[in-house]
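Thanks for asking me to look this over with you. Please open the sequence and the model side by side, and keep both in view while you read.

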Amino acid sequence: MNDGILVELIKSKQYDKALELLFKAIDEEPAEANHYINAGTILADANKLEEAERFFQKALTLDETHGGAYYGLANIYFNHERYQEAATLYQKAVAHGLEDADTFYMLGMSFVNLGDFKTAMPYLMRSYEMKPADTEVGFQYGLVLCQLEMYSEAVTVLTEVLAEEPDHTDARYNLALARYMQDEDIEQALDSFREITELQPDHLLAGHAIKMFEQLREG
């Protein structure tokens with residue numbers, strides 16, 4: 001199979017042609033797990049999740065040590081909000097050598113959705129260390145640090161997120177809260193919330209925080 005042609009078809013979202021190429025490859029090499037993983041990935045991108053799941057499962061019957069197959073299957077369970085199953089599969093992906101930022105991020109987010117912030121934290125930290133310029137990774141890591149009341153660390157991470165994306169209003173909002181939890185400076189918090197509403201007038205949380213902190217200031 002010509003991998004270059006397959007990549008170009010996927011990039012241009014010509015999924016039907018890409019799948020046609022892969023099905024032909026499967027006919028020629030039915031024991032090659034990568035063909036099933038590639039087909040599953042394309043089907044998942046096309047939102048054909050049940051079909052994609054079958055291809056990832058087939059890949060694992062051929063090679064139960066393939067991290068990519070566990071990762072693809074985990075993504076499907078994550079999208080179906082089956083977070084515990086997703087976490088287990090992401091852990092298997094890591095155990096079988098898929099130690100990249102995206103896998104650590106998705107593993108961390110699985111635990112976030114389970115409400116287990118303590119377990120999520122080291123995985124999001126690892127992802128952030130590997131992709132420090134990824135503002136979504138940094139933001140989610142910062143949120144978890146806030147949940148764990150690690151406010152000093154949260155301030156550092158959220159400040160770095162804003163250095164990459166100054167208009168990230170949710171990062172600004174949580175940074176303001178984290179700073180307030182450190183120093184209880186009401187005026188500084190109010191200034192930050194007002195800046196957020198200037199950037200995004202419909203930011204409901206910042207608008208609510210202004211009212212709440214003004215009441216707090218008045219005693």
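Here are my notes, as numbered points.

1. **Ground rules.** This is a predicted model, in which local features need pLDDT of at least 70 and side-chain atom pairs count only at pLDDT 80 or more, while totals for chains, interfaces and linings use all residues. Residues are numbered from 1 along each chain as its sequence is written, and side-chain values use heavy atoms, with hydrogens and water left out.

2. **Domains.** The domain assignment gives domain 1 as 1–99 and domain 2 as 124–218; such bounds come from an automatic or database domain assignment. Taken over C-alpha atoms, the centres of domain 1 and domain 2 are separated by 37 Å.

3. **Two helices side by side.** Find helix H11 (residues 169–183) and helix H12 (residues 186–199), which pack at an angle of about 175° with their axes 9 Å apart. Helices here are DSSP runs (H or I, at least four residues), numbered from the N terminus. The axes are lines fitted to C-alpha atoms over the stretch in contact, and angles run from 0 to 180 degrees between N-to-C directions. How do H11 and H12 run, roughly parallel or roughly antiparallel? The angle makes H11 roughly antiparallel to H12 (under 35 degrees counts as roughly parallel, over 145 as roughly antiparallel, 65 to 115 as roughly perpendicular and the rest as oblique).

4. **What touches in that pair.** Contact means heavy atoms within 4.5 Å. On the H11 side, the contact residues include Arg172, Tyr173, Leu177 and Tyr180; on the H12 side, they include Ile186, Ala189, Phe193 and Ile196. The residues of this contact divide into nine nonpolar, three polar and four charged. In that count, Ala, Val, Leu, Ile, Met, Phe, Trp, Tyr, Cys and Pro are nonpolar, Asp, Glu, Lys and Arg are charged, and the others, Gly among them, are polar.

5. **Aromatic pairs.** The structure holds nine aromatic pairs. Rings of Phe, Tyr and Trp (its six-membered ring) pair if their centres lie within 6.5 Å; planes under 30 degrees apart count as stacked, over 60 as edge-to-face and the rest as tilted. Phe23 and Phe55 form a stacked pair, because their ring centres are 5.9 Å apart and their planes are at 20°. Phe23 lies in helix H2 (residues 15–28) and Phe55 in helix H4 (residues 49–62), so this pair ties together parts that are 32 residues apart in sequence. Phe23 is partly exposed at 35% relative accessibility, whereas Phe55 is buried at 18% (buried means under 20% relative accessible area, exposed over 50%, partly exposed in between, with a 1.4 Å probe and protein chains only).

6. The rings of Tyr128 and Tyr141 have centres 5.5 Å apart and planes at 45°, so they count as tilted. Tyr128 is in helix H8 (residues 117–130) and Tyr141 in helix H9 (residues 135–147), 13 residues apart. Both Tyr128 and Tyr141 are buried. Elsewhere, Tyr173, Tyr180, Phe193 and Phe213 form one aromatic cluster.

7. **Positive phi in loops.** Which kind of phi does Glu81 have, positive or negative? Glu81 has a positive phi, near 65°, though it is a residue other than glycine. Glu81 sits in the loop between helix H5 (67–79) and helix H6 (83–95), and counts as exposed at 59% relative accessibility. Glu149 also has a positive phi, of about 60°; this residue lies in the loop between H9 and helix H10 (151–164) and is exposed, with a relative accessible area of 59%.

8. Ser110, in helix H7 (residues 101–113), is buried at 0% relative accessibility. Leaving out residues up to four places away in sequence, Ser110 touches Phe78, Tyr83, Ala86, Ala87 and Tyr90. Ser110 and Ala86 are 24 residues apart in sequence and 6.7 Å apart in space, C-alpha to C-alpha. His35, in helix H3 (residues 33–45), is buried at 6%. Asn174, in helix H11, is buried at 15%; beyond its neighbours within four places in sequence, Asn174 is in contact with Phe139, Leu143, Cys146 and Leu158.
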